[in-house]
Amino acid sequence: SQGDGSYESPLLHPGTYHVLVQHSEYQSLTDTITVPPKKTSVAFDAVLSPGEQLRLTVRDKNARPLADARVWLDRRREGESSEETQFLGLTDDKGLLESRRESNGPGGFVQHWVRVNLPGYREVRRPVESSELVVNLASSPCIDGIGVDETQGLPQPVRRVRLEMET
């Protein structure tokens, strides 16, 4: 972004976009914007909130940093059974992600968990008990792919995948 916080993405086509706004001093914000037909830009104001620091390091079982691990924050409000999930971002080359989470307070969240996954590793969900966490991921066989239309060769949404292992 620019020094005044503005950002402009060139060449947007009409459609729906998911926006992730991140700043190390504030909580991440996700939202959806729609660019209508015959327009190439849309005004979008992001109001970021301060919060408690969260510093997460993701490593493999040999303590090597894991880059590009996807990190979510799961949280539950006091007195509610349902959870909210917020995407925090990806770890950097050092396996590090710094973010902010909502502070616990009156009516605030009372339980927080981080959920971390990376293809080729088993997903981990851990409670957030301090501002610094280290998560070690165990390797795991992984099948990752997309559905492709046989005649056109174009990606297609897949409704169901079934994997059977011979024993």
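Which residues does Ser 140 touch, not counting residues up to four places away in sequence? Ser 140 touches Gly 120, Tyr 121 and Arg 122, where contact means heavy atoms within 4.5 Å. Ser 140 lies in the loop between strand S9 (132-137) and strand S10 (147-148), strands being DSSP runs (E, at least two residues) numbered from the N terminus. Ser 140 counts as buried because its relative accessibility is 19%, buried meaning under 20% relative accessible area with a 1.4 Å probe and protein chains only.

This is a predicted model, in which local features need pLDDT of at least 70 and side-chain atom pairs count only at pLDDT 80 or more, while totals for chains, interfaces and linings use all residues. Residues are numbered from 1 along each chain as its sequence is written, and side-chain values use heavy atoms, with hydrogens and water left out.

Strands S6, S3 and S9 form an open sheet in that order, with mixed pairing; two strands pair if DSSP finds at least two bridges between them. Strands S6 (96-101) and S9 stand at the edges with a single partner strand each, so one side of each is left without a neighbour in the sheet.

Two pairings are set out below.

| Strands | Sense | Bridges | Opposite residues |
|---|---|---|---|
| S3 (residues 52-60) and S9 | parallel | six | Val 58 and Val 135 |
| S4 (residues 70-77) and S5 (residues 84-90) | antiparallel | six | Arg 70 and Leu 90 |

In the hairpin of S4 and S5, which has six residues between the strands, Gly 79 takes a positive phi near 80°.

Key: Helices (H or I, at least four residues) and strands (E, at least two) are DSSP runs, numbered from the N terminus. Buried means under 20% relative accessible area, exposed over 50%, partly exposed in between (1.4 Å probe, protein chains only).
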